[in-house]
Amino acid sequence: GTKSGTFDIVEGVPYTFTYGTPNDADHTIAVTGVIYKGSATAFDMVIPATTQIGGVTYAVTSIAGEAFGGNEYADLIGSDVNLSKLKIRSVEIPASIKSIGQYAFASYSTTEWTKLESVAFADVGNSQLTTIGVRAFQGCGHLTSFTFPANVATIEVAAFSAGNDAVKHSGIRTLTFQTKSATLPSSVSASLTFSGVGYDGE
């Protein structure tokens, strides 16, 4: 028969993640990409702390290199995974993530430019993140601020750089550290003046 009344339309999460080969020794896995199935030009993404494969639960402990970005034109065109990279507006990273790989969110050029404008850490006080890879956020022109969880120990070369292409730029204006000790790339001179860098620890 027919039903009448007021109904709420509940949308499911319009994206799915891709993963690397599971490590069955310690039940960990890397997230390697996302496929966006919605129709919007941008979407907000939440990376899960765990995922199930074949009935086995794995902790998501790393974001693979070029997972949500790329260093070459080919990294951001063609496949659904590559095209989805250009639509990520914000990302929430779980406390289980220990490393962010090279070019993980990097933008190639203004014609294939990621929309990323916000990076948040779920349960930031318990974040296990220790390493941010080479050029991980290179050319993210819409990302204006970034807060490093307390366990971050290594920030690799050019992690937030504008890149080598003259048309690219970094939007970063404020970096906040929740740690008193981190290893900066050797290319960062001791005489370099930072603007908008703060320490937010105790």
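## Aromatic pairs

How many aromatic pairs does a search of the whole structure find? The search finds 13. The model is a predicted one.

Take Phe121 and Phe146. Their ring centres lie 5.8 Å apart and their planes meet at 85°, so this pair is edge-to-face.

Phe148 belongs to strand 10, while Phe160 lies in the loop between strand 11 (154-155) and strand 12 (174-177). Phe148 has 1% relative accessibility, so it counts as buried. Phe160, at 13%, counts as buried too.

## One aromatic cluster

These four residues belong to one aromatic cluster, with Phe121, Phe146, Phe148 and Phe160 among its members. Other members include Tyr15, Tyr36, Phe68, Phe105 and Phe137.

## The nonpolar core

The largest nonpolar core has 39 residues. Which of them touch the most other members? They are Met45, Ile63, Phe68, Phe105, Phe137 and Phe146. Strands that each supply at least two core residues include strand 1 (15-19), strand 3 (43-46) and strand 5 (56-63). Strand 2 gives the largest share, four residues.

Now look at Phe137. Leaving aside neighbours within four places in sequence, Phe137 is in contact with residues including Phe105, Leu116, Val119, Phe146 and Phe160. In soluble globular proteins, nonpolar side chains tend to be buried together.

Key
Residues numbered from 1 in each chain as written. Predicted model: local features only at pLDDT ≥ 70, side-chain atom pairs only at ≥ 80, totals over all residues. Heavy atoms only, no water. Phe/Tyr/Trp six-rings, centres within 6.5 Å; stacked < 30°, edge-to-face > 60°. Buried < 20%, exposed > 50% of the residue type's maximum accessible area, 1.4 Å probe, protein only. Core = buried A, V, L, I, M, F, W, Y, C linked by side-chain atoms within 4.5 Å. Contact = heavy atoms within 4.5 Å.
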